[in-house]
Amino acid sequence: MTITAERFYQAADEAIARLKATQLPAIKRAGELLAEAVMKGGVIQVFGTGHSRAFALEMAGRAGGLVPAHAIEEDILFLNGVYPVEERKNPYLEREPEIAHQILAQYDIRPEDIFIIVSNSGRNGSTVEMAAEVKRRGHKLIVVTSMAHTTSVTSRHPSGKRLYEFADVVIDNCGPLGDALLEVEGSPVKVCAVSSITGALIAQGLTAEVVGRLVAAGQTPPVYISANVDGSDEHNEALKARYAGRI
C-alpha cells in the first residue's frame, strides 16, 4: 500500500482516539498532583532525552503555558563543562545512569517540586536513574511513555526496571513499539513517528487540568503571554521573578 500523508493522518488520528478514550483518568490524576505542587510553590520539572525533549519544550516557557514549568536539559552538562562539547551528539550517553545525578546537580531542585519524566521506550539508564533518584528524594513522579514499547523491551538500567515502574501516575502515549506507524512494503522499517504528536496533546492537556484546578481554587494561574503580544514582557517578567533561579 502506498505511503501517503492521508494514511499517516488516519493512523495518527487512531492513536489520538486511543489516547482520549483511555488516558483521560491518568491525565486528570496527574493534573491534580501538578496543581497541588504549584499551589505549594513547587516547580514542575520536566525531563526527557532525545525526541522526548519536545515534551518539555511543549510545557515549559511557551505562550499559554505555566510559568513554573521547567525543562531539565541534558545539554546543561556541556554548557557547564561537565562533559566536553564533542560528546553532545553521543547517542549512547543517555544510556549511562550516572548522568542523571550530574544533571540534577546543575539545578535548584526543591522538596515541593514535582517531576514529569518522558521516554517512549522507558529503558535507558539515565532516564530510569533519574526516576529512581526523584523517588529517593521524595518527589511525586508522573511518567509519559509508550506502554506497548516499554513492555516489549528490557531495561538498560542495572536495576532491571523500566521508567514506568517508578511512577505515581503513568500516562501512555498510545504509540506502538518503535514509535513509527506505517509499514514500508518489502522493508522491515516503519515510518512516521507519533509520540511527539500524542505527547504534545498530553502536555497541553496537563496544562489545562492544572490551570482549571488553580482557577477553581480561587487562584490566578501563573501563565505566560506570548512575547509577541504588547505588554507581555512586563507580565511575564513579574511572574518569572517568583521563581528566580529555578526556571
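## Burial and the model

A residue counts as buried when its relative accessible area is under 20%, and as exposed when that value is over 50%. The structure described here is a predicted model.

## The loop between strands 5 and 6

The loop between strand 5 (169-172) and strand 6 (180-183) contains C174. With a relative accessible area of 9%, C174 is buried, because this value is under the limit of 20%. The backbone of C174 has a phi near 65 degrees, a positive value in a residue other than glycine. Most residues other than glycine have a negative phi.

D179 is placed in the loop between strand 5 and strand 6. Its phi is positive as well, at about 75 degrees, although D179 is not a glycine.

## The surroundings of D179

D179 has a relative accessible area of 13% and is therefore buried. Which residues does D179 touch, leaving aside those up to four places away in sequence? They are N120, H149, C192, A193, V194 and S195.

Although buried, D179 has no salt bridge. A salt bridge would need a side-chain nitrogen of Lys or Arg within 4 Å of a carboxyl oxygen of Asp or Glu.

## Helix 1

Helix 1 spans residues 5-22 and has 18 residues. From its first C-alpha to its last, helix 1 reaches 26 Å, close to the 26 Å expected at 1.5 Å a residue.

Six positions, F8, A11, A12, A15, I16 and L19, are buried in helix 1. They lie on the same side of helix 1, because they cover an arc of only 140 degrees around the axis. An α-helix has 3.6 residues a turn, so residues three or four places apart point the same way. Exposed residues on the other side of helix 1 are E6, Y9, K20 and A21.

Against which elements do the buried residues of helix 1 pack? Their partners are helix 2 (24-39), strand 5, strand 6, strand 7 (190-193) and helix 8 (195-216).

## R53 in helix 3

R53 belongs to helix 3, which covers residues 53-59. Is R53 buried or partly exposed? Its relative accessible area is 31%, so R53 is partly exposed.

Not counting residues up to four places away in sequence, R53 touches G48, E73 and D75. R53 and V169 are 116 residues apart along the chain, and their C-alpha atoms are separated by 19 Å.

Notes:
Residues numbered from 1 in each chain as written. Predicted model: local features only at pLDDT ≥ 70, side-chain atom pairs only at ≥ 80, totals over all residues. Heavy atoms only, no water. Helix = DSSP H or I, 4+ residues; strand = E, 2+ residues; numbered from the N terminus. Buried < 20%, exposed > 50% of the residue type's maximum accessible area, 1.4 Å probe, protein only. Contact = heavy atoms within 4.5 Å. Lys, Arg positive; Asp, Glu negative; His and termini not counted. Expected span 1.5 Å × (residues − 1). Arc of directions from axis to C-beta.
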